[in-house]
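This report covers selected local features of one protein model. The sequence and structure come first.

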Amino acid sequence: MDKITLTTFKNEELTYRKFVFSGGEIQIRLDETDIIPVEVVIRADLRTASGIMELLLVTDALRQKYVSATKIHLTLPYLPYARQDRVCSPGEAFSLEVMCRLLNSQNYAIIELWDVHSPVSLKFLPNAYNVSVADLIDGSKMPADISGRSLFSSTVFVSPDKGAINRVSGCAEKFNRPMIVSEKIRDPKTGIITGTKIVDGDMERIDRGDVKCDGGFLMIDDICDGGRTFIELAKVLRPMTTGKIRLYVTHLIASQGFDVFKGLIDEIYTSNCFHEDVPDFVHIV
C-alpha cells in the first residue's frame with residue numbers, strides 16, 4: 001500500500017484527502033490547518049504506479065496552497081524503477097530514466113534515497129543523496145542485538161552475490177567484521193537460481209579457525225523480492241554454524257510471502273517493508 005506523509009521542519013504534520021473519480025483519476029485536497037509551512041518534508045513509500053501520481057499531485061497541492069513553502073524535501077526510501085536501469089532489449093522503455101525525469105520536474109530541494117539499487121540512479125538525480133546500508137544498519141532505530149557490538153563481535157557478514165560486495169564490505173569495514181562472498185548458480189537454459197556457492201572473502205580464515213562462525217551469519221543486501229537468493233544461500237550457511245542465520249535487506253518486498261523462509265532464515269531485519277503484517281521473525285527497524 002502506498003503511504004505518503006507530510007511534515008514541516010518543526011515536525012508538524014500536514015494531512016490531505018484523496019478522491020478517486022469514476023474515470024479512475026485521483027485528486028488531492030490538503031486539509032485546513034493553521035500551520036504556515038516554510039519547508040516541508042514529503043515521505044513517500046511508493047508501491048504502485050498510482051502512488052507515483054499521488055506524489056506528483058501532493059507536491060503540486062503544496063505549491064498551489066502554500067506560496068511560503070519554498071523548499072520541499074522528498075524522502076523516497078525505495079526508488080521505483082531503479083531495477084530497470086538500462087534498456088535490455090530493443091523496443092523497451094528506459095524506465096529508470098523516465099522515473100527520474102518525473103522527479104526532476106518537481107524541483108525538490110533534496111531527494112533522500114535509501115540504499116538505492118543502482119548507482120545509475122544518482123547520475124539522473126543531481127539533487128539526490130543515498131543513505132548507505134551501513135548507515136541504515138547503524139541507525140538509532142536498530143535493535144540492540146543488531147546495532148550493538150555484542151552481536152557484531154561474533155557475526156560473519158555475507159554478500160549474497162558479487163553485486164552486493166560494496167554494500168557488505170562497507171558494513172564489514174564499519175563494524176570490523178569478517179565477510180564472505182557467495183555466487184549464484186543458475187540453470188543456463190532458464191536463468192532460474194538452483195543453488196549458491198562461497199567464492200571469496202575470509203573462508204580461508206574460517207577454515208583455519210581464525211574466524212569463528214558460532215555467532216552465526218548476517219546476509220546483507222538491498223532488496224529481497226521472492227527470496228530465492230537468500231534461501232539457497234542459507235542452505236549452504238546452515239551447516240557452517242551453530243548460531244543463527246540472519247538477513248538484513250533494506251527493502252523487503254517478499255513477493256512469495258514469508259513461509260518460504262521458515263526453517264532456513266531465523267531472523268529478517270528490514271528498514272522498508274512492503275507488508276503491513278509480518279510474522280514474529282521479521283523486524284522492521
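## Tyrosine 81

Tyrosine 81 sits in the loop between β6 (71–76) and α2 (95–104). Helices (H or I, at least four residues) and strands (E, at least two) are DSSP runs, numbered from the N terminus. The phi of tyrosine 81 is near 75 degrees, a positive value in a residue other than glycine. Most residues other than glycine have a negative phi. Tyrosine 81 counts as partly exposed because its relative accessibility is 35%; buried means under 20% relative accessible area, exposed over 50%, and partly exposed in between (1.4 Å probe, protein chains only).

## Basis of the model

The model is predicted: local features need pLDDT of at least 70, side-chain atom pairs count only at pLDDT 80 or more, and totals for chains, interfaces and linings use all residues. Residues are numbered from 1 along each chain as its sequence is written, and side-chain values use heavy atoms, with hydrogens and water left out.

## Asparagine 176

A positive phi, near 55 degrees, is also found at asparagine 176, a residue other than glycine. Asparagine 176 belongs to the loop between α7 (165–175) and β10 (179–186). With a relative accessible area of 65%, asparagine 176 is exposed.

## Glutamate 54

Glutamate 54 is part of helix α1 (residues 49–65) and counts as buried, at 7% relative accessibility. Not counting residues up to four places away in sequence, glutamate 54 touches Ile4, Tyr16, Lys18, Ile26 and Ile28, where contact means heavy atoms within 4.5 Å.

The side chain of glutamate 54 makes a polar contact of 2.5 Å with that of tyrosine 16 and one of 3.2 Å with that of lysine 18. A polar contact is a pair of N or O atoms within 3.5 Å; within protein, one must be able to donate a hydrogen and the other to accept it, and residues adjacent in sequence count only if both atoms are side-chain atoms.
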